[in-house]
Amino acid sequence: AMNRVQLLGRVGQDPIMRQVDGKNPVTIFSLATNEMWRTGESEVTQGGEIWHATLLVLCNLGDISQKTTWHRISVFRPGLRDVTYQYVKKGSRIYVEGKIDYGEYTDKNNVRRQATTIIA
């Protein structure tokens, strides 16, 4: 089995470092990824074209739709955690590789919630 995620996007806010109940600290931040596609006519792009060239073709031929997805990133490894906290800033364009973690927690109103996190 494999659980691997690769993301390229922009950081939504400066990372924060948290430590809960004497556990190892974790650096947390959000990452926005964008997906773009052309609506309407049949697909025109060819495989192997670079993304920028494809985007230019699409802009000239039809309506562009875009979807932004926000990802919660948690960094536990000591060296990477500290470098992330110190150098990654809001708006930085970064590549993240990690695994998906699905968890549950109870919020302050005692409601059970689900959370999806990328563990980098």
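Author: Start with accessibility. Buried means under 20% relative accessible area, exposed means over 50%, and partly exposed lies in between (1.4 Å probe, protein chains only). Asp 21 counts as exposed, at 72% relative accessibility.

Reader: What kind of model is this, and how are residues numbered?

Author: This is a predicted model, where local features need pLDDT of at least 70, side-chain atom pairs count only at pLDDT 80 or more, and totals for chains, interfaces and linings use all residues. Residues are numbered from 1 along each chain as its sequence is written, and side-chain values use heavy atoms, with hydrogens and water left out.

Reader: Where does Asp 21 lie?

Author: Strands (E, at least two residues) are DSSP runs, numbered from the N terminus. Asp 21 sits in the loop between strand E2 (16-18) and E3. Its phi is positive, about 50 degrees, although Asp 21 is not a glycine.

Reader: Which loop holds Asn 110, and is Asn 110 buried or exposed?

Author: The loop between strand E5 (93-106) and strand E6 (112-119) holds Asn 110. Asn 110 is exposed, because its relative accessible area is 64%. Phi of Asn 110 is near 65 degrees, a positive value in a residue other than glycine.

Reader: Now a strand residue. Is Ser 30 buried or exposed?

Author: Ser 30 belongs to strand E3 (residues 26-39). Its relative accessible area is 16%, so Ser 30 is buried.

Reader: What is Ser 30 in contact with, beyond its neighbours within four places in sequence?

Author: Contact means heavy atoms within 4.5 Å. With those neighbours left aside, the partners of Ser 30 are Arg 10, Val 11, Gly 12, Gln 13, Trp 70 and His 71.

Reader: Which side chain makes a polar contact with that of Ser 30?

Author: A polar contact is a pair of N or O atoms within 3.5 Å; within protein, one must be able to donate a hydrogen and the other to accept it, and residues adjacent in sequence count only if both atoms are side-chain atoms. Here the Gln 13 side chain joins that of Ser 30 at 2.6 Å.

Reader: And where is Thr 117 found?

Author: Thr 117 is in strand E6. At 9% relative accessibility, Thr 117 counts as buried. Leaving aside neighbours within four places in sequence, its contacts include Arg 72, Ser 74 and Lys 99.

Terms used: Helix = DSSP H or I, 4+ residues; strand = E, 2+ residues; numbered from the N terminus.
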